[in-house]
Amino acid sequence: MELAERTAKCREVFSLLSEYLNLDLPPDACQEMEAHLAGCPPCIEFAESLRKTVELCRRYRPAELPAPLGNKAREQLVEAFQKMLSGRNARS
Amino acid sequence: MTGDANAFDRFVEHFRAKIFRYSWLMCGQREDAEDVAQETLLKVFESFDQLREPERIRPWVFRIARNACLMKRRKSVFAPSQELSLDDLMPAIDHQGGHARLQIADWSGLPDRRMLQSEMRHALDRAIATLPENFRSVILMRDVEELSTLETAHVLDLTPDVVKTRLHRARLAVRQKLDEYLRSDGRALSGHV
């Protein structure tokens, strides 16, 4: 395969990688992608970096956390929760 | 009543943290994010009877949170929506001696080793926070909260195809920013959000 043709195939693979990682690709397209990946170390390397990006996002917890719930905010929520329960009990 | 109280505490603790995380990354302001979390939880309890499918509570809660965020945004300054070009997110390819070689960092130590470092966490914070809003909202729903494509489409009022397209570009953009961080050994993205 010519280099230019191969590079064009790499670009096509890059554009479909998320669907591949999500297992959303149709079987034919999936087989075609795996055939290319098997012979293309740069695409494997790139696919692996994208897979790890997704994994990092799934583990991601931002540094910022909410402040502890204040008394007034908690009272408002408890009141709304109790109204919800009362409404349910009245209907049942 | 004890059972109800326990259920209340667990529900509030679980969803308040999730809503805060989403709205902090969408609003960019701690105060707004805390307001959104409170307003969302109040709305959830007030309109709980409208939840038709209890197994779909997460997308339902996030849809309420998203609307609360949109209300806040009328009063705040936010990163505008914009398009991300696929070409700009592709890696450069070197052609040497008839072989193609990618210009990307060494990702082999990720995620275990580097995730433990707070600097890496901040790099991810910044990579996500600097995405255009229309892409950030999709990656938060799909990859951070792990909602399905259909659930994300419902929360964000998008078609499933748009969710898929934006998710791919958002992932590529985050990957690119992390790659820059890894190649510069942390110098490029060492600023905090």
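Predicted model: local features only at pLDDT ≥ 70, side-chain atom pairs only at ≥ 80, totals over all residues.
Residues are numbered from 1 along each chain as its sequence is written, and chains are lettered from A and ligands numbered from 1 in the order in which they are written.

Counting a contact where C-beta atoms, placed from the backbone, lie within 7 Å, 49 residues of chain B touch 39 residues of chain A. On the chain B side, the elements that each supply at least two residues include helix H1 (2-27), helix H6 (118-129) and helix H7 (133-144), where helices are DSSP runs (H or I, at least four residues) numbered from the N terminus. The largest share, 9 residues, comes from H1(B).

H6(B) has 12 residues that, at 1.5 Å a residue, should span 16 Å, and its end C-alpha atoms are 16 Å apart, which agrees; the expected span is 1.5 Å times one less than the number of residues. Its buried residues (20 or more other C-beta atoms within 10 Å of their own) include B:Met120, B:Leu124 and B:Ile128.

Helix H3 (residues 41-59) of chain A packs against H7(B) at an angle of about 85 degrees, with the axes 8 Å apart, the axes being lines fitted to C-alpha atoms over the stretch in contact. That makes H3(A) roughly perpendicular to H7(B), a term for angles of 65 to 115 degrees. A:Val54, A:Cys57 and A:Arg58 of H3(A) make this contact with B:Ile139, B:Asp143 and B:Val144 of H7(B).

Technical notes
Contact = placed C-beta atoms within 7 Å. Buried ≥ 20, exposed ≤ 12 C-beta atoms within 10 Å, placed from the backbone. Axes fitted to C-alpha atoms, helices over the stretch in contact; angles between N-to-C directions. Parallel < 35°, antiparallel > 145°, perpendicular 65-115°, else oblique.
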